Amino acid sequence: MDNLVIRNIKKSFQNIRALNCINLDIERGVFGLLGENGAGKTTLMRIIATVLEPDEGEICFGDIVWCKHPDKVRQMIGYLPQEFGIFKNITSLECMEYIGYLKGIESKNNVREQAEQILKDVNLYEYKDRKVGTFSGGMKRRLGIAQALLNNPLIIIVDELTSGLDPEERIHFRNLLRILGKDHIVLLSTHIAADIEATCQALAVIRNGHAVQFNSLAELTDIAENKVWIWQVDTENYNKIDKKFKIISTKTLNNKIELRIISHIKPNHDALKAQPTVEEGYLVWNMEQKNIQY
Amino acid sequence: MTKLKAIISMELLTYKRNKINYFILLTLTVYIGIGYYHYLRADYIEAGQMLQSSSYINMAASLLGLFFGVIIARSEKRVNFHEILSSLPGDNIRPYGKIISWLVLNLIINLVAYIEVLIYFGIAGTEFLLFKKDIFIYIAVYWSGALFVAGILGYFIKVVFSYKWWNIALIFIVWILISPFNILFSSIIPKDILNYINLGENFIVMNYDDYLGLNIAPSSVMKIIAFSLLAMCFLQGGLLMKKYKNYNIMERNIYFTLMIITIIFFCVSFNKRYEPYIQKLEDAEYYSNEVKNIYYDDASVTHGLKAESYNIRISFEKLELRYTADVRLSKNNKSVLPFTLYHGLNVSSVKINGEHAEFKREGDWIYVQSKKDLETLDISFQVSGNTGDLCPITESSFFLSPTFPWYPVPGIFLIAEKSFYNYEAEFKNVHLNEPAEFYIAIDNKDLVFSNIEKVGQNEFYGFSKGVGLFSGMLIPKEIDGKKYLVPPDRTNIIKSSVPIIERKINFIADIIDRPVRNIPETICVKPLYSFYPKYKLIYTEDCLFVSNNLRSLSVITDIKGVFRAFFWNDVYTTADDTHGHVFEMMFEFIEEKNENAALFKYASIEENEINKYNGFLVSLSKNSMDLFDENYEGLERLVKIMYNKVEREPDTTIDVWLDTIEEIKTGDL
């Protein structure tokens with residue numbers, strides 16, 4: 001399977017540069033785009049989904065070039081935007097069939113068959129004849145991913161998949177993306193590092209319109225190697241430490257609090273070195289980019 | 001195609017499930033009901049007026065359409081569905097899918113409105129139901145057509161202008177611009193353009209013309225098609241402007257080509273725009289100025305010429321008549337053959353026995369050079385032009401009176417005169433002295449009627465002193481041995497007027513001691529574009545014409561109209577029309593015997609109010625008052641004497657009236 005190659009993509013909105021020379025080479029599997037809110041993730045996703053046109057640069061998948069063959073691109077992608085809605089007075093099956101036809105599935109039986117199967121995969125089959133207006137946020141999100149999977153797209157673009165989902169649904173979708181990643185290129189944009197950690201094989205971190213690609217999660221976590229510490233402290237000392245160190249998480253244990261701290265030096269002789277997570281790797285990378293002392 | 005079909009199906013599905021649409025249909029039903037309440041429930045049925053006065057529906061449809069267009073444009077965005085659809089194939093054809101669905105919705109609304117109108121008409125029992133096709137076209141053009149075009153314009157506004165408040169302001173401006181009230185912009189936009197871009201009736205306060213029928217001329221239909229295409233052209237232009245790069249070169253070329261074709265079609269349509277017939281008053285000016293200077297010999301109007309036969313092949317182009325008339329004249333020895341033909345009709349060539357002949361045109365008269373001693377005289381005229389206010393030609397109707405020289409009539413006749421008592425031309429009854437054989441073929445899709453026999457599709461044959469052709473919203477009927485050609489719902493009133501007219505004919509004939517005129521076999525309604533109608537009725541031997549604007553029995557059977565039709569304009573006369581005017585006043589006074597009669601009013605005018613226009617009439621009226629007696633015998637005697645005198649001597653001056661009154665008073669008569 002060809003790689004999705006993004007070259008020198010630039011995009012501005014009026015005088016604000018949203019993307020500044022993005023270069024990515026994405027292989028099959030789940031690829032994460034991690035970044036703060038407003039970093040440019042959604043802009044990049046929309047460009048890949050052909051909703052926006054870049055000012056400069058190009059995107060290729062094998063012989064297919066985005067700016068030259070937008071219709072071909074549209075036939076091979078499945079896109080779930082950050083904000084997804086649909087006409088309230090149609091049923092989920094009608095919605096799926098509509099999008100199926102637009103994606104180029106010709107036969108009525110084929111559309112129906114695919115739509116029903118995907119609705120089963122996302123646990124919506126029993127609601128197929130219910131109007132979308134009666135769906136909860138999670139059900140709408142499931143319908144959103146379902147429509148993106150129609151016609152078996154080569155590239156699946158998911159913007160903020162787990163926003164608005166309850167923990168159970170989040171786990172369900174993470175699993176679904178992992179499965180999809182075996183045969184597709186899945187682009188997952190999120191600001192939640194745990195989603196990346198749970199689903200992606202590689203990722204890019206976007207900040208201020210720039211992207212840095214990490215071909216494995218380890219590449220990012222390695223940045224935080226020897227900089228993450230676990231330290232159990234008394235409750236009364238917590239406030240003093242909070243002001244002094246970058247605390248990532250806390251866990252209450254009987255009379256003590258267990259802290260995870262980012263620090264380039266060992267914060268205390270009681271502190272223990274911890275195995276960094278993707279989130280911690282990202283935080284360290286981010287602080288280094290911003291020249292924040294830790 | 002599958003994608004387009006899917007888009008259309010989805011749009012229709014959302015329409016179907018949107019309760020607002022049902023509310024709109026309900027509102028429309030109630031709205032149409034207002035028309036029913038005003039025009040169909042009263043004593044008289046005015047079905048045509050109900051439709052023509054439905055500009056309130058047209059305007060509501062336009063406003064609704066504009067807002068609907070905006071809603072259609074943002075339906076996906078409103079529910080955050082637009083982003084997914086933008087990433088799917090077929091995004092460029094979505095506007096067309098939406099337009100087609102909008103068209104389907106409009107057709108459904110059109111059908112509902114049509115059925116409702118038919119039901120109302122059915123309940124009212126109007127004969128308008130015989131013109132179902134016209135009703136459907138009218139509703140399609142003025143109601144759902146306006147709704148459709150406004151919808152696309154609303155869509156265009158939303159595509160091009162994204163700021164909400166601007167959109168609302170623009171919607172209202174566009175609404176006024178495409179409505180009958182666009183006259184508000186007359187100071188900045190030429191009137192012709194305003195009339196054209198108005199999707200409703202151009203003259204909303206105009207009375208319905210039931211001879212002409214509904215304003216559904218081909219140009220009106222063409223206009224709404226041109227407008228729809230232009231609105232789509234705007235929309236496509238807006239979409240191209242916004243998403244230029246989304247379209248490949250081929251698509252762009254196709255759209256640009258279609259836009260150019262649309263603009264050309266629009267310009268053609270503008271050029272062929274519908275113009276309602278408005279009285280031009282050109283004849284009044286013409287006959288008050290030019291004719292006075294032209295010599296005519298009233299002693300021998302026919303100049304010894306006799307037409308034996310006419311073969312006329314007619315077509316209509318825009319608002320003009322075009323025909324070839326082959327006239328066979330009886331043998332004569334004249335080197336100049338004079339004909340009378342209304343000056344608005346131009347003669348492009350004349351042939352005698354197949355050879356080009358010299359001719360000279362002087363106003364209403366044509367002088368054709370001929371050779372003496374020809375065995376046969378077959379004269380062919382190529383004619384085109386208009387026929388003036390007496391015989392108006394519109395896009396959907398025409399009226400060629402048998403008393404009007406719309407074809408060359410041998411001889412020198414004065415067609416009309418202009419007196420200072422009337423600011424309109426007063427037409428005379430110009431016809432052949434003896435019946436000629438006529439064959440007339442008309443190249444026209446609409447049904448044409450004539451006072452001679454129909455022998456084929458718009459083909460007529462027969463012998464007559466004058467042939468008339470009529471086409472309009474007429475229903476042929478045969479009741480009690482008489483043939484009626486009348487617009488819907490007018491039969492009863494016209495039928496009821498016949499015995500009253502007969503009674504008045506007897507009344508007048510008795511006073512002037514003349515044979516009673518019989519009402520002809522055929523009674524036909526004719527158009528009348530006149531502010532001061534003298535020709536309410538036109539009488540010929542084979543047809544009586546009643547003007548379409550006469551709505552009440554008393555107006556149709558007004559003794560003045562009966563006198564003028566049956567005893568004054570029944571023949572060609574060169575007498576001063578003031579005589580006719582005085583006779584009308586006299587009969588009115590004798591019949592009504594009350595203070596409302598014009599004669600009595602003139603008699604009441606004070607000395608200081610007398611001027612050159614009413615001087616004679618005031619003097620006549622004051623003197624006439626002396627002839628009053630209980631039985632009005634003196635007045636009747638005056639009328640009888642004067643009628644005989646004017647008939648015998650058409651050049652009798654009006655002063656003779658005063659002399660005659662004196663003579664009656666002194667007992668000399």
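Start with chain B: 44% of its 669 residues are buried. Keep in mind that this is a predicted model. The secondary structure of chain B comes to 21 helices and 22 strands. Its C-alpha atoms fill a box of roughly 105 × 65 × 50 Å along the principal axes. Now the contacts in chain B with a separation of 6 or more: 70% of them link residues 24 or more positions apart.

Next, a helix pair in chain B. How far apart are the axes of α19(B) and α21(B)? The answer is 10 Å, for helix α19, residues 615-624, and helix α21, residues 655-666. They pack at an angle of about 15°. Angles under 35 degrees count as roughly parallel, so α19(B) is roughly parallel to α21(B). The crossing is left-handed. From α19(B), the contact uses Ser619(B), Leu620(B), Asn623(B) and Ser624(B). From α21(B), Trp657(B), Leu658(B) and Ile661(B) take part. By type, the residues of this contact split into 4 nonpolar, 3 polar and no charged.

Over to chain A, and some strands. Strand β1, residues 4-13, runs antiparallel to strand β4, residues 56-61, with 5 bridges joining them. Leu4(A) sits opposite Phe61(A) of β4(A). β4(A) also pairs with strand β5, residues 64-65, again antiparallel, over 2 bridges. There, Cys60(A) has Val65(A) of β5(A) as its bridge partner. Which residue takes a positive phi in the hairpin of β4(A) and β5(A)? Gly62(A) does, near 65°, and the hairpin has 2 residues between the strands.

That's the tour. Over to you.

Methods:
Residues are numbered from 1 along each chain as its sequence is written. Chains are lettered from A and ligands numbered from 1 in the order in which they are written. This is a predicted model: local features need pLDDT of at least 70, side-chain atom pairs count only at pLDDT 80 or more; totals for chains, interfaces and linings use all residues. Helices (H or I, at least four residues) and strands (E, at least two) are DSSP runs, numbered from the N terminus. A residue is buried if 20 or more other C-beta atoms lie within 10 Å of its own, exposed if 12 or fewer, and partly exposed in between; C-beta atoms are placed from the backbone. Two residues are in contact if their C-beta atoms, placed from the backbone, lie within 7 Å. Two strands pair if DSSP finds at least two bridges between them. Axes are lines fitted to C-alpha atoms, for helices over the stretch in contact, and angles run from 0 to 180 degrees between N-to-C directions. Angles under 35 degrees count as roughly parallel, over 145 as roughly antiparallel, 65 to 115 as roughly perpendicular and the rest as oblique. A crossing is left-handed if the near helix is turned anticlockwise from the far one by less than a right angle, and right-handed if clockwise. Ala, Val, Leu, Ile, Met, Phe, Trp, Tyr, Cys and Pro count as nonpolar, Asp, Glu, Lys and Arg as charged, and the others, Gly among them, as polar.
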